[in-house]
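Dear colleague,

I am handing over the structure below, and I would be grateful if you kept it open beside this message while reading.

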Amino acid sequence: MKNLIKTALLISVFSSGMAQSTKLSPLKLSSINFSFGFYSDVYQRMDMDAMRDISTNTAIFNQNLDGYTESLWRESSGTLIGLDAQFYRLNPLTQEYDRNKMVRFGISYSEREPAVSYNKTSVDSNGMRQVQNSIVYCNVQNEVNLNGAYIWKSGGNQKRILRFYAGLGGNMGLTFNDEMIVMQNTNTTIMDSTGKFQYYNQRYDSQDDIIVPARTALFLRAYAPVGVELNVWKAKLGLEGSAGFGMHQIMGGRTYFMPFNYSLNFRLGINFN
């Protein structure tokens, strides 16, 4: 009898261990994807004060701007490349993986250039000589970004060749090796006595450019991705756009709100299941 009880206990322990070992993971790898396209942040405010805040050396802002007209570029756009992994989510009720509900984790790199420009046009009294001067203050940003999203796909829980999807996501990015550049450009146009074009000269002296390091910045964003994908055997081809909002925090400086951001990316992927 004792041996029978011991045997039963061993079977119970072994069965319990087997059940634990076969327990399904909450996430299952679905695909790995590469994306490339453009990204844009639209600032609520991006002016000369912001440029000074971003720069590590405010002495570069000593140009005489009398007579210049200010042009504020609230939008900062640039290229983006990224790599991400998508996972099926385990349905706790059915203990099966939902093909139409995905979790995505990724990393991306982007380059953008928020800028402020000043322009002045002067004309001689006889109207024969026109000089156009421009000064551009540009912040070159290099951002590495970690992102995640929850995505709902069309087509139910079956394999589909064509799927549409939408989701909600967020990202956090940090810049490195940022620069503040001051560019100065002069264009001269000369007309003859009849007002006919006679001579045009554009002078751009690279040595007039001033480049100094810019402060590191932290970016936080929330966004909604929307896209379509084509699945052919193991290959995936897609197009995705996103829209959202965020904030730009200068390390040791001020915080800038971005009421709108958007992107458009082409996606190439490999399906595993």
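A charge is said to sit over a ring if NZ of Lys or CZ of Arg is within 6 Å of the ring centre and within 35 degrees of the ring normal. With that rule in mind, please look at Lys153, whose charged end sits over the ring of Tyr165, 6.0 Å from the ring centre. A second case is Arg112, which lies over the face of Phe219 at 5.0 Å from the centre of that ring. Please bear in mind throughout that this is a predicted model.

For the overall picture, the protein has 13 strands and 2 helices, and 39% of its 273 residues count as buried.

The strands

Strand S3, which covers residues 75–91, and strand S4, which covers residues 96–112, pair in the antiparallel sense over 12 bridges, with Ile81 standing opposite Tyr109 in S4. The two strands form a hairpin with 4 residues between them. On its other pairing, S4 runs antiparallel to S6 over 12 bridges, and there Tyr109 stands opposite Val144 in S6. Gln95 is partly exposed, with a relative accessible area of 42%. Trp233 also has a positive phi of about 55 degrees although it is not a glycine, and its place is in the loop between strand S11 (217–232) and strand S12 (235–250). Trp233 counts as exposed, because its relative accessibility is 77% and the cut-off for exposed is over 50%.

Strand S3 also holds Phe87, whose C-alpha atom is separated by 9.2 Å from that of Ile32, a residue 55 positions away along the chain. Leaving aside neighbours within four places in sequence, Phe87 is in contact with Leu27, Lys28, Leu29, Ser30, Lys101, Met102, Val103 and Phe105.

What surrounds Gln141, leaving aside its neighbours within four places in sequence? This residue lies in strand S6, which covers residues 129–153, and it counts as buried at 1% relative accessibility. Beyond those neighbours, Gln141 is in contact with Tyr43, Ser76, Ser110, Glu111, Arg112, Pro114, Thr175, Asp178, Phe219 and His248. That list includes both Arg112 and Phe219, the residues of the charge and ring arrangement described above. The side chain of Gln141 is also joined to that of Asn139 by a polar contact of 3.1 Å.

Leaving aside neighbours within four places in sequence, Asn33 is in contact with Gly82, Leu83, Asp84, Gln86, Lys236, Arg267, Leu268 and Gly269.

The aromatic rings

A pair of aromatic rings is described by the distance of the centres and the angle of the planes. By the rule used here, the count comes to 9 aromatic pairs. One of them is formed by Tyr118 and Tyr137, whose ring centres are 6.0 Å apart and whose planes stand at 85 degrees, so the pair is edge-to-face. This pair links distant parts of the chain, with Tyr118 in strand S5 (residues 115–123) and Tyr137 in strand S6, 19 residues apart. Are these two residues buried or exposed? Tyr118 counts as buried at 7% relative accessibility, and Tyr137 counts as buried at 0%. Elsewhere, ring pairs link Phe34, Phe36 and Phe266 into a cluster.

With kind regards

Terms used: Residues numbered from 1 in each chain as written. Predicted model: local features only at pLDDT ≥ 70, side-chain atom pairs only at ≥ 80, totals over all residues. Heavy atoms only, no water. Buried < 20%, exposed > 50% of the residue type's maximum accessible area, 1.4 Å probe, protein only. Polar contact = N/O pair within 3.5 Å; in protein donor to acceptor, adjacent residues only side chain to side chain. Contact = heavy atoms within 4.5 Å. Pairing = 2+ DSSP bridges. Phe/Tyr/Trp six-rings, centres within 6.5 Å; stacked < 30°, edge-to-face > 60°.
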